[in-house]
Amino acid sequence: MKKYDATIAGYFCVDLIPGFKGSETHADISEVLKPGKLIEIDGLNATLGGVVANTGMAMNKFSKNVFLNGIIGDDFIGKIAREWLDKYQLSEGINTLKGGNTAFGLVIAPPGVDRIFLESPGCSKVFDISHINFEAVAQSRLFHFGYPPLLRHFYLNEGEELLEMFSRIQDMNVVTSLDFSLPDPNSESGNVDWPKILQRVLPFTDIFVPSLEEALQIMMPEEYARIQMRSDFVDVIDQVPLSLIQELGRRIIDNGVKIVLLKSGYKGAYLFAGDISSLNKKHGFDLSEERWNYASLLCKAYPVDESKIKNASGAGDTSAAAFLSAILDGEGPESSLKYAAIAGRNNLYCFDIFKEIDDWTTMTEQIKSESHDIVHLNQNQNKSATYKILL
């Protein structure tokens, strides 16, 4: 038995979320943030954020023993973060950089408007492979990492450190998992050749859990740019046809990934798999190859009670946490996808994931009680099968 179910490493921050008053919805952000306009807010909520906190703490709530591996500064934001982590006994693998500034994000999310993130990477700019606790990784069944576009050392030199880290962990016989964030096109990471980096890294990546928009931007940047040009104020994911999503999933699998989760917000989540037999050769994994091999599924989003919504930040990370937890439990693809979808929905009702997110038992009961169909995008377990909708 390994000591940890998972090591969660990479980007760590504190999210600062202004509380907008009322429940009035808006068509676009220009209705809310106008030059010279004073906006009274209902307080400021602060939560731990980034993949390390969001995914790690959610997996902990889902009864998984996790080791969190990130970096903070010794500034006042870092001190607040460590107090929270100490309270939940999850600070062991969090490094403190003397004189460093902790990464933080301002999450602008008025009612009815998609979130806008103002992100300061802080000391995450110096986070590199030397900060990875490989001893803890070796004692883990799974290693989950995110987000390379906000971690400078992991995208420099065509992702050399990212490749070194993932190949080294593969040699440890530990399952690897990768999450992403949208690269800012006006930043250094926005000008990186992400398709080339991913061609190098994905052969060493067992599980890949980006959002649909992230996957398009980093895997098919020209297609993503064309969709963006015609989207205007319409959400990008509304402009992506099923045929392109299927092509994207196949392309990722063809690069060597065994299981892909494409998180698609209010549209739901897509799952694509290749031959997953190599996962069962690693310690602590026992997945049904008959059910998982070449699976191609869509789970539509669970209905949302608008009156309960508190915060959309971190929903993708929580969704990934449930998906990975289900895989660690040996669940099938349909069940794993349902856990991902319902956890993402439940995240909307929380400010503090650790305190408020429903536990695994409660989610299991919700899945049983809330009838929800899975759409099979290909029935035949054949890599080159013709795709068809089967309700």
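**A close look at helix H2**

Author: Let's start with the neighbours: the buried residues of H2 pack against strands S2 (13-20), S3 (41-49), S4 (66-73), S5 (94-97) and S6 (104-108), where contact means heavy atoms within 4.5 Å. Keep in mind that this is a predicted model, where local features need pLDDT of at least 70 and side-chain atom pairs count only at pLDDT 80 or more, while totals for chains, interfaces and linings use all residues. Residues are numbered from 1 along each chain as its sequence is written, and side-chain values use heavy atoms, leaving out hydrogens and water.

Helices (H or I, at least four residues) and strands (E, at least two) are DSSP runs, numbered from the N terminus. H2 covers residues 76-87, so its 12 residues should span 16 Å at 1.5 Å a residue; that expected span is 1.5 Å times one less than the number of residues. The end C-alpha atoms are 17 Å apart, which agrees.

Now, which residues of H2 are buried? They're Ile77, Gly78, Ala81 and Leu85, with buried meaning under 20% relative accessible area, exposed over 50% and partly exposed in between (1.4 Å probe, protein chains only). Down the axis of H2, these buried residues fall within an arc of 95°, so they line one face; the arc is that of the directions from the helix axis to the C-beta atoms. An α-helix has 3.6 residues a turn, so residues three or four places apart point the same way.

Turn to the face away from that buried side and you'll find the exposed residues Phe76, Lys79 and Glu83. After H2 comes Gln89, with a positive phi near 55°.
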